[in-house]
Amino acid sequence: MGALELRHTYLDLTTAHAADAAVRLGVPVRCAPVDVRPLWGGTHVVGRVRPARHYGSVDVFLEALERAAPGDVLVVDNAGRDDEACVGDLMALEVQQAGLAGVVIWGLHCDSRELRDIRLPVFSQGATPAGPQRLDPQEADALTSARVGRHVLTDADVVLGDDDGVLFLPLDRAAEVAELAATIRDTERRQAVRMGLGTSLRDQTRFADYLAARDLHGTTFRQHLRAVGGAIEE
């Protein structure tokens, strides 16, 4: 999927929808650490991973942008450090002008007010005013892979981020995940509408039938939901 198709396909899909779909499809659910959060509410970003590992200087990010395509998401590996910010307002402006969709940082940012004004989607573990005071040797593969938490990402992966956090998906499964995620989204919306009209979730999922099937056959709730078309739990 190209950048435009990714954006259109995932425009109305949440990380929760996509994660549920991944579980059903047997796609590993890879999430950023829970403290990697958007700088403001209502943020939504999707795009191919453009990895970059930070060594104390922004030149690695500028080099990553030389290799990037519009719609990519810069994924910054700063090893989750809590002693320095590695992305600020000037880099966000550069990323925005290069046509990228956003930035995900395994680490910290600075210039919070300016970043909110720029409005480029940025996800990070938090803010600090302190910039890098080091300059480490850059590894040969600094621009081909980036670690976020326990996951190693490459340009064969897609980033999906929103208020619930950041999810990584394989690019070659993105269309399949999105198709099922849309089905889950629509089912949940129908369920919510019916609940608003007075039909409980227990009635919609035929919970009494599930209890009987569990006691008689050992049926799990997920098995029951698949049979009746429910969309909670996965």
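This is a predicted model: local features need pLDDT of at least 70, side-chain atom pairs count only at pLDDT 80 or more; totals for chains, interfaces and linings use all residues.
Student: Is R53 buried or exposed?

Tutor: The cut-off for buried is under 20% relative accessible area. R53 has 13% relative accessibility, so R53 counts as buried.

Student: Which residues does R53 touch, leaving aside neighbours within four places in sequence?

Tutor: R53 is in contact with V60, D77, E139, D141, A142, S145 and A146. One of these, D141, also has a side chain in polar contact with the side chain of R53, at 3.0 Å.

Student: How far is the C-alpha atom of R53 from that of R147?

Tutor: The two C-alpha atoms are separated by 8.1 Å. Along the chain, R53 and R147 are 94 residues apart.

Student: Which way do the residues of β6 point?

Tutor: G102, V104 and W106 point one way. V103 and I105 point the other way. All of them are buried.

Student: Which strands pair with β6, and in what sense?

Tutor: Pairing needs at least two bridges between two strands. Strand β4, residues 73-77, pairs with β6 in the parallel sense over 5 bridges. There, V73 has G102 as its bridge partner. Strand β8 also runs parallel to β6, joined by 2 bridges. In that pair, V104 stands opposite F123.

Student: What are the partners of β12?

Tutor: Strand β11, residues 157-162, pairs with β12 in the antiparallel sense over 6 bridges. These two strands form a hairpin, with 2 residues between them. D162 has G165 as its bridge partner. Strand β1, residues 30-31, also runs antiparallel to β12, and 2 bridges join them. Here R30 stands opposite F168.

Student: What should I check about backbone phi?

Tutor: Most residues other than glycine have a negative phi. Then look for departures. D111 is not a glycine, yet has a positive phi of about 60°. R119 is another residue other than glycine with a positive phi, near 70°.

Student: Where are D111 and R119 found?

Tutor: D111 is in the loop between β7 (108-109) and α5 (112-118). R119 lies in the loop between α5 and β8 (122-124).

Student: What is the relative accessibility of D111 and of R119?

Tutor: D111 has 29% relative accessibility, so D111 counts as partly exposed. R119 is partly exposed too, with a relative accessible area of 47%.

Student: Last feature. How many disulfides are there?

Tutor: The test is a pair of cysteine sulfur atoms within 2.5 Å. The count comes to 0 disulfides. For C86, the nearest cysteine sulfur is that of C110, 8.6 Å away, and C86 is in no disulfide. C110 is in no disulfide either, and its nearest cysteine sulfur is that of C86.

Student: Is C86 buried or exposed?

Tutor: C86 counts as buried, at 6% relative accessibility.

Key. Residues are numbered from 1 along each chain as its sequence is written. Side-chain values use heavy atoms; hydrogens and water are left out. Helices (H or I, at least four residues) and strands (E, at least two) are DSSP runs, numbered from the N terminus. Buried means under 20% relative accessible area, exposed over 50%, partly exposed in between (1.4 Å probe, protein chains only). Contact means heavy atoms within 4.5 Å. A polar contact is a pair of N or O atoms within 3.5 Å; within protein, one must be able to donate a hydrogen and the other to accept it, and residues adjacent in sequence count only if both atoms are side-chain atoms.
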